[in-house]
Amino acid sequence: MQQPMTRPGHPVMKSYEQYADMLYRIALVHLGSRQDAEEATQDTFIKLMEKAPLFKDDEHQKAWLIRVITNHCKNLLGRGWRKREVKLEGVEPVTADNPEELAVLQLVLALPVKYKAVIHLYYYEDYPVQEISRILQISESAVKMRLQRGRQLLRLELEGAEAE
């Protein structure tokens, strides 16, 4: 008899407890909405249960989950209905410890998805370039280029904000 997946100690529940917060933050950075981020996190764990892939170790599983939620967020952002969506309510304020961190975080959230993803993984999740390359399945040089261009965009925005 199989153990129900929702019972404590089941590998899926263990993964949920271990990675749900991180995946939620990644989805929130991509989607900018708490509801959408929660749904993307939930969908990621549903895919984990449905596909039940075999992992070499915890890092392999973590990388798989990040790749799945990143791709899921990209798919959601690419849908036509979402592009036309105008959010008037339910927009949650982004929180940070101090006003400077908040300003930078808001600028990161406003970056295009391909820059936002690498900036978030590098600076907020502390992944090295090689690991980001593996997770997003892009070359290391592409990661470095996106980091560089993302930093340039942030620098331009910060300089523009200071000039005002």
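1. Terms and basis. A salt bridge here is a side-chain nitrogen of Lys or Arg within 4 Å of a carboxyl oxygen of Asp or Glu. This is a predicted model: local features need pLDDT of at least 70, side-chain atom pairs count only at pLDDT 80 or more, and totals for chains, interfaces and linings use all residues. Residues are numbered from 1 along each chain as its sequence is written, and side-chain values use heavy atoms, with hydrogens and water left out.

2. Overall make-up. The chain has 8 helices and 0 strands. Read from the N terminus, the order is α-α-α-α-α-α-α-α. Helices (H or I, at least four residues) and strands (E, at least two) are DSSP runs, numbered from the N terminus.

3. Burial and surface. The chain has 164 residues, and 35% of them are buried. Buried means under 20% relative accessible area, exposed over 50%, and partly exposed in between (1.4 Å probe, protein chains only). The chain exposes about 10,600 Å², of which carbon and sulfur atoms supply 51%. These areas come from the Shrake-Rupley method with a 1.4 Å probe; for residues, only the protein chains shown count as cover.

4. Contacts along the chain. Take the contacts with a separation of 6 or more: 59% of them join residues 24 or more positions apart. Contact means heavy atoms within 4.5 Å.

5. Helix 1. This helix covers residues 11-31 and bends by about 55° at Tyr19. The bend is the angle between axes fitted to the seven residues ending at a position and the seven starting there. Tyr19 is also one of the buried residues of helix 1. Others in that set include Val12, Ser15, Met22, Leu23, Ile26 and His30. Gly32 follows helix 1 and has a positive phi, near 70°.

6. The Arg25–Glu125 pair. How many salt bridges does a search of the whole structure find? It finds 3. One of them joins the side chains of Arg25 and Glu125, at 3.2 Å from N to O. Arg25 lies in helix 1 and Glu125 in the loop between helix 6 and helix 7, so the pair ties together parts that are 100 residues apart in sequence. Arg25 is partly exposed at 39% relative accessibility. Glu125 is buried, with a relative accessible area of 14%. In general, side chains of opposite charge can pair when their charged atoms come close.

7. Around Glu125. What does Glu125 touch, not counting residues up to four places away in sequence? The partners are Met22, Arg25 and His120. Met22 is among the buried residues of helix 1. The side chains of Glu125 and Arg25 also make a polar contact, at 3.2 Å. A polar contact is a pair of N or O atoms within 3.5 Å; within protein, one must be able to donate a hydrogen and the other to accept it, and residues adjacent in sequence count only if both atoms are side-chain atoms.

8. Salt bridges within helices. Arg34 pairs with Glu38, with the closest N and O atoms 3.2 Å apart. The two are 4 residues apart in helix 2 (residues 34-51), so about one helical turn separates them. Arg34 is partly exposed, with a relative accessible area of 41%, and Glu38 is partly exposed, with 37%. Arg134 and Glu131 meet at 2.4 Å, N to O. They are 3 residues apart in helix 7, again about one helical turn. Arg134 is partly exposed at 36% relative accessibility, whereas Glu131 is buried at 16%.

9. Helix 6, Tyr115. Is Tyr115 buried or exposed? Tyr115 counts as buried, at 11% relative accessibility. This residue sits in helix 6. Leaving aside neighbours within four places in sequence, Tyr115 is in contact with Arg146, Arg149, Gly150 and Leu153.

10. Tyr124 belongs to helix 6 (residues 113-124) and is partly exposed at 37% relative accessibility.
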